[in-house]
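Here is a report on the fold of one protein chain.

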Amino acid sequence: MPDISTKPYLLRAIYEWCTDSGYTPYLAVKVDAATTVPMEYVKKGEIILNISYGATSGLKMDNDAITFRARFNGVSRELYIPVHNVLAIYANENGQGMAFDVSTTAADLSAPAPEPAAAPAPGLAAVPAKTSEVSHVPDDDDEPPKKGGRPTLTRIK
């Protein structure tokens with residue numbers, strides 16, 4: 001009999017502790033092909049999600065996946081997060097929680113063995129760069145530069 005992972009049980013325990021303590025549970029997720037989240041909010045292959053009762057609808061934390069509905073910019077979306085892809089669960093107010101090692105994602109685990117192809121698949125080739133012209137590649141990071149120091153939470157009522 002294969003070993004049962006403790007990860008989904010720990011996720012549910014930390015979630016329950018957060019809600020019982022009046023904290024807001026947040027989930028850090030590594031996004032891959034097996035994850036269904038709004039891609040416009042993914043930064044560097046990861047997304048942080050508020051999974052509190054008020055922010056979600058139909059939250060279900062199984063041993064294999066976490067599923068729920070949440071609003072993003074006023075639009076309700078269905079989310080599917082494999083438990084294997086969860087990087088951390090923590091209380092937003094004080095940062096207490098638990099982090100997990102995600103060296104392989106759910107997509108890596110469920111990927112079938114590559115089949116030999118009849119014809120070679122199209123690939124990418126390097127384009128020789130001109131040495132006289134230097135092009136500037138714009139950065140997709142729209143955020144202003146952060147000031148040094150520890151981040152703080154400011155409540156505006």
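The largest nonpolar core has 24 residues. Leu11, Leu49, Ile66 and Ile81 have the most contacts inside it. Six elements, α1, β1, β2, β4, β5 and β6, each supply at least two residues of this core. In soluble globular proteins, nonpolar side chains tend to be buried together. The model is a predicted one.

Leaving aside neighbours within four places in sequence, Leu49 is in contact with Pro25, Tyr26, Leu27, Val29, Val37, Phe68, Phe72, Leu79 and Ile81. Of the strands, β2 covers residues 46-50, β1 covers 25-30, β4 covers 65-72 and β5 covers 75-82.

**Overall make-up**

The protein has two helices and seven strands. From the N terminus on, the order is α-β-β-β-β-β-β-β-α. Of its 157 residues, 28% count as buried. Among contacts between residues at least 6 apart in sequence, 52% join residues at least 24 apart. The accessible surface comes to about 12,000 Å². Carbon and sulfur atoms account for 55% of that surface.

**The four-stranded sheet**

Which strands form the open sheet of four, and in what order? The order is β2-β1-β6-β7, with antiparallel pairing. The edge strands are β2 (46-50) and β7 (97-99), and each pairs on one side only. On average, neighbouring strands of this sheet are turned by 15 degrees against each other, direction ignored.

Five bridges hold β1 and β2 together in the antiparallel sense. Here Val29 stands opposite Ile47 of β2. β1 is mostly covered, with five of its six residues buried.

Next comes the pairing of β1 with β6. These two strands run antiparallel and are joined by five bridges. Tyr26 has Tyr90 of β6 as its bridge partner. Tyr90 also has a bridge partner in β7, namely Gly97. β6 (residues 86-91) and β7 pair over three bridges, again antiparallel.

Helix α1 (residues 7-21) packs on this sheet. The helix touches β1 (25-30), β6 and β7. Its direction makes about 20 degrees with that of β6.

**The three-stranded sheet**

The other open sheet described here has the order β3-β4-β5, also with antiparallel pairing. Its edge strands, β3 (56-61) and β5 (75-82), each pair on one side only. Neighbouring strands in this sheet are turned by 15 degrees against each other on average, direction ignored.

How many bridges join β4 to β5? There are eight, and the two strands run antiparallel. Two of the pairs can be named. Arg71 has Ser76 of β5 as its bridge partner. Thr67 has Tyr80 of β5. In a regular strand the side chains alternate between the two faces of the sheet.

β4 and β5 form a hairpin with two residues between them. Asn73 sits in the turn.

**Two loop residues with positive phi**

Where in the chain does Lys44 lie? Lys44 is found in the loop between β1 and β2. Asn73 lies in the loop between β4 and β5. Lys44 is not a glycine, yet its phi is positive. Asn73 likewise has a positive phi in a residue other than glycine. The table sets out the two residues.

| Residue | Phi | Relative accessible area |
|---|---|---|
| Lys44 | Lys44: about 55 degrees | Lys44: 86% |
| Asn73 | Asn73: near 55 degrees | Asn73: 72% |

Are these residues buried or exposed? The cut-off for exposed is over 50% relative accessible area. Lys44 has 86%, so it counts as exposed. Asn73 has 72%, so it too is exposed.

**Drawing it together**

Conventions
Residues are numbered from 1 along each chain as its sequence is written. This is a predicted model: local features need pLDDT of at least 70, side-chain atom pairs count only at pLDDT 80 or more; totals for chains, interfaces and linings use all residues. Side-chain values use heavy atoms; hydrogens and water are left out. Two strands pair if DSSP finds at least two bridges between them. Axes are lines fitted to C-alpha atoms, for helices over the stretch in contact, and angles run from 0 to 180 degrees between N-to-C directions. Contact means heavy atoms within 4.5 Å. Buried means under 20% relative accessible area, exposed over 50%, partly exposed in between (1.4 Å probe, protein chains only). A nonpolar core is a set of buried Ala, Val, Leu, Ile, Met, Phe, Trp, Tyr and Cys residues joined through side-chain atoms within 4.5 Å. Accessible areas come from the Shrake-Rupley method with a 1.4 Å probe; for residues, only the protein chains shown count as cover.
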